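Good morning, colleagues. Please take a moment to look at the sequence and the model, and I shall then go through them part by part.

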Amino acid sequence: PSDASRTEQGELTLGGVPVSELAATYGTPLYVVSEDDFRARARGFVTAFSQAFAPETEVDVFYAGKAFLTTHAARWATEEGLNIDTASGGELSIALAAGVEPSRIGLHGNNKSDAEITRAVELGLGRIIADSLEEISRISTIAGRLNRTANVMLRLTPGVHASTHEYIATAHEDQKFGLSVTPVPGTQTADPNPYLGSPAWSAVEQALAAPGVELIGLHCHIGSQIFEPTGFELAAQKLIGFLARVEAASGAVLPELDLGGGHGIAYTEADHPRQPEEIAQALAAAVRAACAEQGISIPRISIEPGRSIAGPAGVTLYSAGTTKDVVVQDGITRRYIAVDGGMGDNARPVLYDADYSAVLGSRKVTGEHILSRIVGKHCESGDIVVRNVYLPAAVTRGDILAVPATGAYCHSLSSNYNYLTRPAVVAVKQGQAQVLIRRETEEMMLARDTGFAPD
Ligand code: LLP
């Protein structure tokens, strides 16, 4: 986070609070999030995108709660002018508990239950992003029963898959999300509309005709941890071409285009993400050009960043425990430093081979740095926190190690594997610390066990 610093003695401080104080007060492992950093990044997206698309159109930024959601985080985001994107009834409950206006909430999901849809329609959510043909009918039926109209967006698969650095244009994306814009084989006709016969086209026709459904726009999300604007530009071009076809064929003007999230962050020094301004400007230029080419007016734009807001704002603190020097190759020794957490609080290395870095937080040591690997205490050899990092040879039991860029998809992906208790989440701000999520206790875990705590 931008408000990380070192004291004169060399101790790391986060939001003005020394890490030893955080560790002593709240224990380790500990998720620490800088409120100011989170808010500044959230606001940064609103400013960058609003300015880039002005004066022609407005931009709504939806904070993707799946990255990191607590009631405080939802309030920070909404206070900075963002809306909240949720991906389940559970995330929706957190946003509502934070007091977020239903009109400022979106609901995603490839398999929404009837209960989730009913709740969304009753609440009058700002948008339900429909992910399948059958979901459109279920929304329509439920809206009819409740005598309501639901704001619906359609999640399309534009055939642009951005896998971090590469952009692979696939005819059919072999994955569960969205409605493809590519015609189903065998349905091609002489009609000049290239989308006729695609699931996406059928979905638009169905949604426009469905009672109780107000089709407010199209959505796509091309991937996550993306560094270059190219993939976003290609997806926008594709969807604008599709929008123009819809307007020409039905006369319906769909007011909004949601380009999803996926903006990359730096996990290690090897990562060089673009600033939101740069992506916003590239995207605005692509949207303007595509709309001009298609002869349609520029729709309202929305985006759904998650990682790029929460990720850099968070740091995980661990206490170093057992160390072990392992000869990995002739002459090369790697020091394994085990910490008091691991894959339960950060599943990303084991799930995605994700790389992180780490620093010694409790003190500054000059002198020899050695190749180290930070591992967890779970019963699994893949339980790695930081694969390779040069740390002072002096690191010893009780030292605090800080792993940056853990604000997104760490707390939200955390588990109880081996019945380790999940860490607390503490916010720091200008010298003050505040607990956002209490540390899980063994009592909390046992409370679910009917052999111990009968109903
Ligand atoms: N919108 C939609 C529809 C999404 O599916 C996602 C992420 C986002 C927005 C937010 O994307 P972001 O800006 O955070 O990249 N657990 C994985 C990431 C999964 C992303 C799923 N969808 C990880 O830790 O890398």
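This is a predicted model: local features need pLDDT of at least 70, side-chain atom pairs count only at pLDDT 80 or more; totals for chains, interfaces and linings use all residues.

Of the 455 residues of the protein chain, 47% count as buried, a residue being buried if 20 or more other C-beta atoms lie within 10 Å of its own, exposed if 12 or fewer, and partly exposed in between, with C-beta atoms placed from the backbone. Residues are numbered from 1 along each chain as its sequence is written.

Let me turn to the overall form. The C-alpha atoms of the protein chain fill a box of roughly 70 × 55 × 45 Å along the principal axes. Among contacts between residues at least 6 apart in sequence, 66% join residues at least 24 apart, where contact requires C-beta atoms, placed from the backbone, within 7 Å. The secondary structure comes to 12 helices and 23 strands; these are DSSP runs numbered from the N terminus, helices being H or I of at least four residues and strands E of at least two.

Next, the domains. The protein chain is divided into domain 1 (4-34 + 313-446) and domain 2 (56-310), with bounds from an automatic or database domain assignment. Their centres, taken over C-alpha atoms, are separated by 35 Å. The contact between them takes 16 residues from domain 1 and 13 residues from domain 2. On the domain 1 side, β22 (424-429) and β23 (432-437) each give two or more residues. By class, that side has 10 nonpolar, five polar and one charged residues; Ala, Val, Leu, Ile, Met, Phe, Trp, Tyr, Cys and Pro count as nonpolar, Asp, Glu, Lys and Arg as charged, and the others, Gly among them, as polar.

How do β22 and β23 run relative to each other, parallel or antiparallel? They run antiparallel, joined by five bridges, and strands count as paired if DSSP finds at least two bridges between them. K429 stands opposite Q432 in β23. The two strands form a hairpin with two residues between them, and Q430 in the turn has a positive phi of about 45°.

Strand β16 (residues 314-329) has several partners. β16 pairs with strand β4 (residues 30-34) in the antiparallel sense over four bridges, and with strand β21 (residues 400-404), also antiparallel, over five bridges. L317 of β16 is the bridge partner of L30 and stands opposite A402 in β21. Seven bridges join β16 to strand β17 (residues 332-339), again antiparallel. These two form a hairpin with two residues between them, and G331 in the turn has a positive phi of about 80°.

Finally, the ligand. Which residues come nearest to the ligand? Of the 20 residues around the ligand, they are S224, G261, G306, R307 and Y409, a residue being near if its C-beta atom, placed from the backbone, lies within 6 Å. Helices α10 (307-310) and α11 (348-352) each give two or more residues to this shell. The shell has five nonpolar, 10 polar and five charged residues, and draws at least three from each of domain 1 and domain 2.

How values were computed
Two residues are in contact if their C-beta atoms, placed from the backbone, lie within 7 Å.
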